[in-house]
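Visitor: I should like to learn how to read a protein model in an orderly way. Would you take me through one?

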Amino acid sequence: MNMAESIETKRNFQLWKCVLYLMLTVTGCNPGEGGFRPDRQVEAIYEEAVIIEDGDTLSTQPRVLAERWNWDGRELKSIDYYNGSALEVSEVMRYEDRRIVSAGLSGGFTEVYHYGGDKLDSITVYDAGGRWVESVCFQHSKVRVKRVSWNSPAGVKTYKLSWQGENPGSLLPEDGAEDTIEFSYDNRENPVLGLMTWWRLRDEQGLAEAVSRNNCIKIRGGGLQADYSYEYDGDYPVSRTMVREYDYTEYVWDPVARCNRERVRHRYEKQVWTIAYL
């Protein structure tokens, strides 16, 4: 074999390796929605908070465990959610073909996942007696979620997702009863991208976090208003801080005038979440 043939052989071999890698990435290593396999695995999330009103500290919460993630290799087996120092609920996943097909919640609740190809069509939740509790239904446009509906005995709430690059820029309510919710993002990796479990999808912010490539830095609309800042280790956040300041009016009874008088309060809230990785 001469030099030209040797170079061509090496070039073809490198090309074959690239094609093989792409095949494995697309078909073998990426099971689609419901197959959560992040590059960095969260081990735990800790939370601390303080609320100050008119200069007086109303409450403080020292750093406590908020979430514990339990893994078996690259497969997320369960998440324990804490409220203060007490375990609130555990979500235990069951997989088939590397996708979540069901999950059990404390109290006997069961989540059942339904797929159409590699896309998640819906999640149905039942109580311990097998009675229907809620369904979350997804519609897709090519590779992205374009519409999400929460269906429960209380009614149906549907949002259309408007995308900006790889992140949902806004959630638009289809019934007009709610305000449009708008999001802004950083340019770093979101560690919970693809974790589409019912417990995390119970509200609009949880939905945005589950499908966005990057981390939310601002939320506006729908009764939500929050700004976030981050500290990073490489491309991933290791802490998130939310600071919120606002005024509100309360009415205080004046026993002399025998009427309610307005009092404007100023409240400052700060929450910090710290993320630990394996």
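Visitor: What should I know about the origin of the model and its numbering?

Guide: This is a predicted model, in which local features need pLDDT of at least 70, side-chain atom pairs count only at pLDDT 80 or more, and totals for chains, interfaces and linings use all residues. Residues are numbered from 1 along each chain as its sequence is written, and side-chain values use heavy atoms, with hydrogens and water left out.

Visitor: What average pLDDT does the protein chain have?

Guide: pLDDT is the predictor's confidence in each residue, from 0 to 100. Here the protein chain averages 84, and 88% of the residues score at least 70.

Visitor: Where does pLDDT stay under 50?

Guide: Where pLDDT is low, the predicted coordinates should not be read in detail. In this chain, that caution concerns residues 1-31, where pLDDT stays under 50. For this stretch the model has 15 contacts beyond four places in sequence, a contact being heavy atoms within 4.5 Å.

Visitor: How many helices and strands does the protein chain have?

Guide: Helices (H or I, at least four residues) and strands (E, at least two) are DSSP runs, numbered from the N terminus. The protein chain has two helices and 16 strands. Among its contacts between residues at least 6 apart in sequence, 41% join residues at least 24 apart.

Visitor: What share of the residues is buried?

Guide: Buried means under 20% relative accessible area, exposed over 50%, and partly exposed in between (1.4 Å probe, protein chains only). Of the 278 residues, 40% count as buried.

Visitor: Is Ser-135 buried or exposed?

Guide: Ser-135 lies in strand 8, which covers residues 132-141. With a relative accessible area of 11%, Ser-135 is buried. Its side chain makes a polar contact of 2.9 Å with that of Trp-132. A polar contact is a pair of N or O atoms within 3.5 Å; within protein, one must be able to donate a hydrogen and the other to accept it, and residues adjacent in sequence count only if both atoms are side-chain atoms. Beyond four places in sequence, the contacts of Ser-135 include Ile-123, Ser-149 and Trp-150.

Visitor: How many aromatic pairs are there?

Guide: Rings of Phe, Tyr and Trp (its six-membered ring) pair if their centres lie within 6.5 Å; planes under 30 degrees apart count as stacked, over 60 as edge-to-face and the rest as tilted. By this rule there are 10 aromatic pairs. One of them joins Phe-36 and Trp-69, which are tilted, with 6.2 Å centre to centre and 55° between the planes. That pair links distant parts of the chain: Phe-36 is in the loop between helix 1 (3-28) and strand 1 (42-53), and Trp-69, 33 residues apart from it, is in strand 2 (residues 56-72). Trp-150 and Tyr-159 form an edge-to-face pair, at 6.1 Å centre to centre and 85° between the planes. Both Trp-150 and Tyr-159 are buried, and Phe-36 and Trp-69 are buried as well. Phe-36, Trp-69 and Trp-71 form one aromatic cluster.

Visitor: How many disulfides are counted?

Guide: A disulfide is a pair of cysteine sulfur atoms within 2.5 Å, and the count here is zero. As for individual cysteines, Cys-137 is partly exposed at 31% relative accessible area, whereas Cys-216 is buried at 8%.

Visitor: Which residues does Asp-121 touch?

Guide: Asp-121 is in strand 7 (residues 119-126) and is partly exposed, with a relative accessible area of 33%. Not counting residues up to four places away in sequence, Asp-121 touches His-114, Tyr-115, Gly-116, Val-136, Cys-137 and Phe-138.
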